[in-house]
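My notes follow in the order in which I looked.

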Amino acid sequence: MVVTLLCALALSADPTAPETLQQYEFQRIRMGIPVKIALYATDDATAKQAAQAAFARMKQLDRILSDYDPDSELMQLCGQAGTDRHIPVSADLKAVLEHSLRLSRQTDGAFDVTVGPLVKLWRKARRKKQLPTAEALTTARTAVGFEFVDLDADLSTDRLTKPNMRPDLGGIAKGYAADQALAELKANGVSRALIDAGGDIVVGDPPPGKAGWRIGIAPLLKKDGPPSRFVTLQNAGIATSGDAWQYVEFDGVRYSHIIDPKTGYGLTERSSVTVIAADGITSDALASAVSVLGVQRGLDLIEKTLGAEALFVTLEEEQPVVHTSSAFPAGE
């Protein structure tokens, strides 16, 4: 999933705080994207140690959850698809699969963790600038279906029961990784922090003297434009899913990188969905799910999800139209 979020960081510290905190910023490439960490700490050594631990945790998760690395734990599992083998899975892979399958069931497959064969097909289409054939789409769809994932949470094993199945964690892994990075920061004495994993953002306690971290939401029509509105958050995750960055056009039709698992095609209606939730794994996955469900069904899902709020922007007669859940924060 591509997310288009911009973040504006508060830079000033509260001089009346019991201890003086300084702001630090770090950046590394993790999971194939630039990951930024902003944090407040008492000294250089604490800040660097915490950031290094967070980046190391994300590197570890990339080796587990990546579908680009043929040696990742996920891809090793995919290599056993269609066999009778129950493959042991790590605690991290199990956690992400459990969350993915729960949301897959909840959305009746609008979010489907096994959409990988279709994702792979559309990646090739964007690269070669050729619309997938009906035959290729049919073949890919035969390997899609979350109900064919046999995850035994008690035994920590998994079996992909159909040949060529390929779970795709692109709509959830970055949020989970950002959550885990924040946990590492906290374990190293840093709770006032923001992790931006390519637009999937997780924040902890607010900057000193502030109500929260001020996050800007990018507009629907201008991927490099100024934020359309701001929200202030603490101890939460926020993610935006839309087609501003990744899409392909064939015969005048614009296909998003977000795929509807039921049709096999990328979404063709211009939209942007921003979800705020208690953590990154939830906001990341819900942003993808709501995009596929559409305005009414998507916002219904949000209203039923404790602690979640959403902003859904659609394009009608070339003009952005904003829809929000009942308690989405008022724009700044």
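I began with strand 4 and strand 6 (residues 157–160), which pair in the antiparallel sense over two bridges; strands here are DSSP runs of E with at least two residues, numbered from the N terminus, and two strands pair if DSSP finds at least two bridges between them. Pro 88 stands opposite Thr 157 in strand 6.

Before going on I noted that this is a predicted model, in which local features need pLDDT of at least 70 and side-chain atom pairs count only at pLDDT 80 or more, while totals for chains, interfaces and linings use all residues. Residues are numbered from 1 along each chain as its sequence is written, and side-chain values use heavy atoms, with hydrogens and water left out.

Next I looked at strand 12 (residues 247–250), where Val 248 and Phe 250 make up the covered face, and Tyr 247 and Glu 249 the uncovered one. In a regular strand the side chains alternate between the two faces of the sheet. Strand 12 pairs with strand 13 (residues 253–256) in the antiparallel sense over four bridges, and Tyr 247 stands opposite Ser 256 in strand 13. Two residues lie between these strands in their hairpin, where Asp 251 takes a positive phi near 50°.

Is strand 15 enclosed or open? I found it largely enclosed by the rest of the structure, because six of the eight residues of strand 15 (residues 309–316) are buried, that is, under 20% relative accessible area with a 1.4 Å probe and protein chains only, whereas exposed means over 50% and partly exposed lies in between. Six bridges join strand 15 to strand 14 (residues 271–277) in an antiparallel run, with Phe 312 as the bridge partner of Val 273. Six bridges also join strand 15 to strand 16 (residues 319–324), again antiparallel, and Leu 315 stands opposite Pro 320. In the hairpin of strand 15 and strand 16, which has two residues between the strands, Glu 317 takes a positive phi near 55°.

Last, I turned to helix 4 (residues 116–128), where Arg 127 is found; helices are DSSP runs of H or I with at least four residues. Arg 127 counts as exposed because its relative accessibility is 59%.
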